[in-house]
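Here are some friendly notes to read with the model open beside you. Take the points in order, and look up each residue as you reach its name.

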Amino acid sequence: MDQARPGHDILSRTLWTSWIVALVLAASLAPARPRDAAAILAGQLIAALHFIFLRKIVKLFTERRGGAGLSLAIGAKTLLVYGGLFVLIRSGQVRYAPLCAGFALPFLSMFLKSMMLALGTGPASLTRRLTKGALGTFGGAGAVLLLLLPAKARAAESATELPNWLVILHDFNPNNPAIAWLENNQIIVFAWVAGFLFLFLSWLAMRKPKMVPGHFQNAVEWMVESMEDVCGGLLGPEHIKKHFPIIGALFFYILTINLLGIIPGMKSATSSLDLTLALALITFLYVQFWGVRNLGIVGYLDHLAGSPRDAIGWMMLPVMLPVHVLGELAKPVSLSCRLFGNIFGEDTLIVVFVGATALCLKASLAALAVPPMAGITALFMMLQTLTSIVQALIFSLLATVYLYMMLPHEAHAHEEVTSAH
Amino acid sequence: MLFPAALGLGLPLGIGLAAIGSGIGIGFLGKGAMEAMGRQPEILPKLQVAMIIGFGFAEALTIYAFVTMFFLQGRIG
């Protein structure tokens, strides 16, 4: 029965997940702030009631057995869900943020669930257990804490970024030096997290390589091969074999870091200029190294001087040399600033909208304002997914182009001009 | 005019101007790519790569303005 109706199955599973998350959260909050814990549970209860009644109503409605049962269900839902919310908020006993967080839990787990399904992980795969256990709990907890924190009015005012789990950990344990150190160096921590995630996924895909690949191996191989095709179209088949390891690693590493920022409670390490500058400098040094290696010292200097071949070329040397040197030096700057600016800008955009959501929470129409604002934020998160992919692609493609300019090709722009002369 | 006031007026204006330039550039790129795509659909993969690289260069100008804004933002009183 459940096999035939996957939607039904998902609803009950997400309800169970959200109950577990709510109970864990409430238990962890109870010693310090019992009222907030109770508010989370109340919000979860109301949301669960909402779903139960909704399912009932839809069932009655679609089976055309309307009449008394239907109006009874609608009446009970209105009374319990909306009336309960109204009474809870008007009584002044609970704070808005934990209540709304509890209310949002089932919606959140359903959203995560449907995202996982949309990404093609069917019911029988490894990721299902991961979602249900670790990712669902973790994502739910992260989002709840993310909603709790702006209520402290510290994060919303000064910082231009969402609190991540390190900041939250630091807030709860302000005197622990290890956590304070981690919070100070969170960019490094998240870069390492992304790196290990990248390594783990690659290991997972390739631990038992088969001639006829399974789902996951197939997907990873497709990604790597299409990236190699794109870069190979620029570099040529003989060079791509040599340079693809670093270009592909740059692409997938940046992609992992960027996409990590979408998970609530995590952060894109590329929203700091430090990391992007490091990546751009690595690219720059690699490109210069291969320039010297391919062209030789003389050829490299000749390339920097704009390849003077005649009298006019030599006369232009004092102008062309600084221009080319500056052009080379501008490459890492533009690479790093582009990546940083895009990711940071997108993060800021989401912060602004989440901040607006937090403001709406304080208004008395809290329950009505949350869903549209959450929808707008989710839309921007889709935009963020697109930006993440495109920026990772642009970074690695530009690295390829810079590398291509340093190869002993006959297709150099200024060489063509001089040879045509 | 006070320095913070000038900064507060100039930074958003600067970003807007930079965005106009980038927008025109990206628009031209997109137009050219679309026309080429319509004429020769078979060059689509190569065209897309070149188009995205061009977008990256055109977009970088606005990003520079954006970064400048973030560096100077704190000095608006």
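This is a predicted model: local features need pLDDT of at least 70, side-chain atom pairs count only at pLDDT 80 or more; totals for chains, interfaces and linings use all residues.

1. For the complex, the predictor gives an ipTM of 0.72 and a pTM of 0.62. Chain A has a mean pLDDT of 76, with 78% of its residues at 70 or more. For chain B the mean pLDDT is 86, and 99% of its residues reach 70 or more.

2. Where in chain A does pLDDT stay under 50? One such stretch is residues 122–159 of chain A, for which the model has 59 contacts beyond four places in sequence. Another is residues 411–421 of chain A, with 6 contacts of that kind. Among the elements of chain A, helix α15 (residues 413–420) has the lowest mean pLDDT, 42, while α10 of chain A has the highest, 90. I would ask you to find both helices before reading on.

3. Now the make-up of chain A. You can count 15 helices and 0 strands in this chain. Chain A has 421 residues, and 31% of them count as buried. If you take the contacts in chain A between residues at least 6 apart in sequence, 67% join residues at least 24 apart.

4. Chain B has 77 residues, of which buried residues make up 8%. Its elements are 2 helices and 0 strands. Among its contacts between residues at least 6 apart in sequence, 81% join residues at least 24 apart.

5. What does the UniProt record say about chain B? The unreviewed entry carries the annotation "transmembrane region" for residues 6–29 and 49–72 of chain B. In the model, residues 6–29 of chain B are 100% helix and 0% strand, and the end C-alpha atoms of this span lie 34 Å apart. Residues 49–72 of chain B are also 100% helix and 0% strand, with end C-alpha atoms 35 Å apart.

6. Next, look at where the chains touch. Here 14 residues of chain A are in contact with 10 residues of chain B. On the side of chain A that touches chain B, the elements giving two or more residues are α9 (215–235), α13 (317–362) and α14 (366–405) of chain A. By class, that side of chain A has 8 nonpolar, 5 polar and 1 charged residues.

7. Which residues have the most contacts inside the largest nonpolar core? They are A:L250, A:F251, A:I254, A:I257, A:F395, A:L398 and A:A399, in a core of 39 residues. Both chains contribute: the elements giving two or more residues to this core are α8 (186–206), α9, α10 (237–260), α11 (273–304), α13 and α14 of chain A, together with α2 (44–72) of chain B.

8. A:I40 sits in helix α2 (residues 34–62) of chain A. Is A:I40 buried or exposed? A:I40 counts as buried because it has 29 C-beta neighbours inside 10 Å, and 20 or more are needed for that label. Not counting residues up to four places away in sequence, A:I40 touches A:A22, A:L25, A:A26, A:L29, A:P98, A:A101 and A:G102. A:F103 is 63 residues away from A:I40 in sequence, but their C-alpha atoms are 7.4 Å apart in space.

9. A:S272 belongs to the loop between α10 and α11 of chain A. With 20 C-beta neighbours inside 10 Å, A:S272 counts as buried. Along the chain, A:S272 and A:F340 are 68 residues apart, and 6.2 Å separates their C-alpha atoms.

10. A:I179 has 16 C-beta neighbours inside 10 Å, so it counts as partly exposed. Setting aside neighbours within four places in sequence, A:I179 is in contact with A:L169, A:H170 and A:N173. A:V167 is 12 residues from A:I179 in sequence, with 9.0 Å between their C-alpha atoms.

Key
Residues are numbered from 1 along each chain as its sequence is written. Chains are lettered from A and ligands numbered from 1 in the order in which they are written. UniProt positions are given in the numbering used here, feature names are shortened, and annotations may be inferred rather than shown by experiment. Helices (H or I, at least four residues) and strands (E, at least two) are DSSP runs, numbered from the N terminus. Two residues are in contact if their C-beta atoms, placed from the backbone, lie within 7 Å. Ala, Val, Leu, Ile, Met, Phe, Trp, Tyr, Cys and Pro count as nonpolar, Asp, Glu, Lys and Arg as charged, and the others, Gly among them, as polar. A residue is buried if 20 or more other C-beta atoms lie within 10 Å of its own, exposed if 12 or fewer, and partly exposed in between; C-beta atoms are placed from the backbone. pLDDT is the predictor's confidence in each residue, from 0 to 100. A nonpolar core is a set of buried Ala, Val, Leu, Ile, Met, Phe, Trp, Tyr and Cys residues joined through C-beta atoms within 7 Å.
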